Amino acid sequence: MKIISILAYTLVTLLSSFSISSSADQPGKKVILVLDASGSMWGKLKGKAKIVIARSVVKELLNTWDSNTELGLIAYGHRVKGSCKDIETLIPVSKVNVKNFMKTLNAVSPKGKTPIGAAVLKAAETLKYTEESATVILVSDGIETCGMDPCKLASKLKKSGVDFKTHVIGFDIRTRSAVKQLQCLAKKTGGHYFAAKDAAGL
């Protein structure tokens, strides 16, 4: 449990630093959290399901969220087991209501595929990235499984965006190809990639 606690604390610190520092420079900044809810999120770390850990981390994040920054939530892979179109805006970008946010998040049950690229694109378009400053925070434990190349998408989004960034939390990722893919997505949009595997790695 100690490792899980350190993992959660570190993720909260990283995510909170994105929101607070950005909103201080740009009041009214908008952020969308894209959550991996594919079947692999039922995998366990020290006996605790990754989706359960993610919910706990998000709750801590919301308790320290800067009130000047609006936040939305998109999840993928949570409704249909084999669909690459299973991407849903669960909470529109708005002022954070912790109780309602967590009620929605707690109802998410992982089961499907991993359309990372399409989910990030949806978030970018929702934030009107070609017109306004926009930030996406992606939490994923796997590789794209729906055919889109997140690395190429990142280049396209950065080129056409006003001030678009994707910060990526690689959550318990164990394959080199998946790590490279997510690192590229973050780097090419000017964002940061963080590996959240265990206490030692952090």
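Tutor: H2 passes H3 in a right-handed crossing, that is, the near helix is turned clockwise from the far one by less than a right angle. This is a predicted model, in which local features need pLDDT of at least 70, side-chain atom pairs count only at pLDDT 80 or more, and totals for chains, interfaces and linings use all residues. Residues are numbered from 1 along each chain as its sequence is written, and side-chain values use heavy atoms, without hydrogens and water.

Student: At what angle do H2 and H3 pack?

Tutor: Two packed helices are described by the angle between their axes and the distance between the axes. Helix H2 (residues 50-63) and helix H3 (residues 98-106) pack at about 165°, with axes 10 Å apart. H2 and H3 are therefore roughly antiparallel, the term for angles over 145 degrees.

Student: Which residues of H2 and H3 make the contact?

Tutor: Contact means heavy atoms within 4.5 Å. H2 contributes Arg 55, Val 58, Lys 59, Leu 62 and Asn 63, and H3 contributes Val 98, Phe 101, Met 102, Leu 105 and Asn 106.

Student: How many disulfides does a search of the whole structure find?

Tutor: A disulfide is a pair of cysteine sulfur atoms within 2.5 Å. The search finds two. One of them joins Cys 84 and Cys 146, with sulfur atoms 2.2 Å apart. Cys 84 lies in the loop between strand S4 (70-76) and S5, and Cys 146 in the loop between strand S6 (133-140) and helix H5 (150-160), 62 residues apart. This link is left-handed, with -90° about the S-S bond.

Definitions and conventions: Axes fitted to C-alpha atoms, helices over the stretch in contact; angles between N-to-C directions. Helix = DSSP H or I, 4+ residues; strand = E, 2+ residues; numbered from the N terminus. Parallel < 35°, antiparallel > 145°, perpendicular 65-115°, else oblique.
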